[in-house]
Amino acid sequence: MRDRRSRAIRSKAATLAAGALVVALVAAGATPAHAAADTERPTAPGPITVVAIDTTSVELTWAASTDNVGVVRYPVGAQFEDSGAQYSTDTNSIRIINLRPSRTYTFSVWALDAAGNSSVSNPTLRLTMPPGDDQPPSAPGQPVAYDVAATVVRLRWAHSVENVALDRYEVFRVDAGGTLTRVREVYQYPPVNSAQISGLVPNTTYTFVVQARDEVGHLSPLSAPVTVTTLPPPPSCAVRSVVRQWRDGFVAHLVVENTGTTAIDGWTMTWRFWASQQVQGIWGAKVVDRLNNSYLRVRNTGRNAVIPPGGTVSLGLVATGTQLPEEITLNGGLCTVADE
């Protein structure tokens, strides 16, 4: 009986001691494990001000936020038109680099505490960067039409000279009375000095000019014009082919017939031709180039440029490889092919 009473007294004393310890900890400012999580937002940072700025960087600061526990970082956004970037700092200032001269950015900042609570009514600053370029580009070189079809013209030109950075080239069609209609923008960075103009009318004369624009928006003078006439609509054609093939090469004899109702005056032909293949001999045509390393393009000689309706021209090819002439086109029109 006495032992049971002693154990009860000791248990009650231990319970009282544990309770006293909790009271002492709370009184001393400690947070019990079951205390409520932090749900209070930090206050909004103060207005954003500029500490330093040059053409491509800016240093910003703002009055620090306050929080019941503590702010751990400040996310900072930089928005230009419909694109932007986000940065982060654990102080109330930041230096942002790699900006673009003369662009107008909207900067924003907000505060986050350790629980992820975000401030509200966050300040923003709209700021135009100093100009880094006060000179327009030079005029592009006169365009050259290096590939002409019935509805497509490919142009290339010498690059403009620019003291900082080009942003784009713009290709204009010169209409009656000198009116300019923009038909293509070349946006690649750095811009390439060529463009494909599509959607043209067959057998029609066009004049084009090119203008350069730098990253600030300065415009170059217009290039000298180029005038080009698109080809007639693709002709109807049929090809008869006779091929003799060996292990790693072949000789092909092609008879091309104009199955349309109008004469063809000057022609180019293309057919499938692998990049690894080599032309060892050709007659009745001259090699022009390779298209995308997948097609061989040839043109007429001085003696067989004209193919009357129902008329034919003959040409031949000796080449390495096993890819025989297929997908044959005449002035952009796909020919029917029959093997003999």
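Which residues is leucine 231 in contact with, leaving aside its neighbours within four places in sequence? I found Val148, Ala149, Ala150, Pro202 and Asn203, taking contact as heavy atoms within 4.5 Å.

A note on the ground rules: this is a predicted model, where local features need pLDDT of at least 70 and side-chain atom pairs count only at pLDDT 80 or more, while totals for chains, interfaces and linings use all residues. Residues are numbered from 1 along each chain as its sequence is written, and side-chain values use heavy atoms, with hydrogens and water left out.

Next I placed leucine 231, which sits in the loop between β15 (226–229) and β16; strands are DSSP runs of E, at least two residues, numbered from the N terminus. I looked up its relative accessible area, and at 29% leucine 231 is partly exposed (buried is under 20%, exposed over 50%, partly exposed in between, with a 1.4 Å probe and protein chains only).

Then I turned to the sulfurs. I count one disulfide, a pair of cysteine sulfur atoms within 2.5 Å. Cysteine 237 and cysteine 335 form it, S to S 1.8 Å. Cysteine 237 lies in strand β16 (residues 237–246) and cysteine 335 in the loop between β26 (333–334) and β27 (336–339), so the link ties together parts 98 residues apart in sequence. The link is left-handed, with -100 degrees about the S-S bond.

Are its two ends buried or exposed? Cysteine 237 is buried at 5% relative accessibility, and cysteine 335 is buried at 7%.

Terms used
Helices (H or I, at least four residues) and strands (E, at least two) are DSSP runs, numbered from the N terminus.
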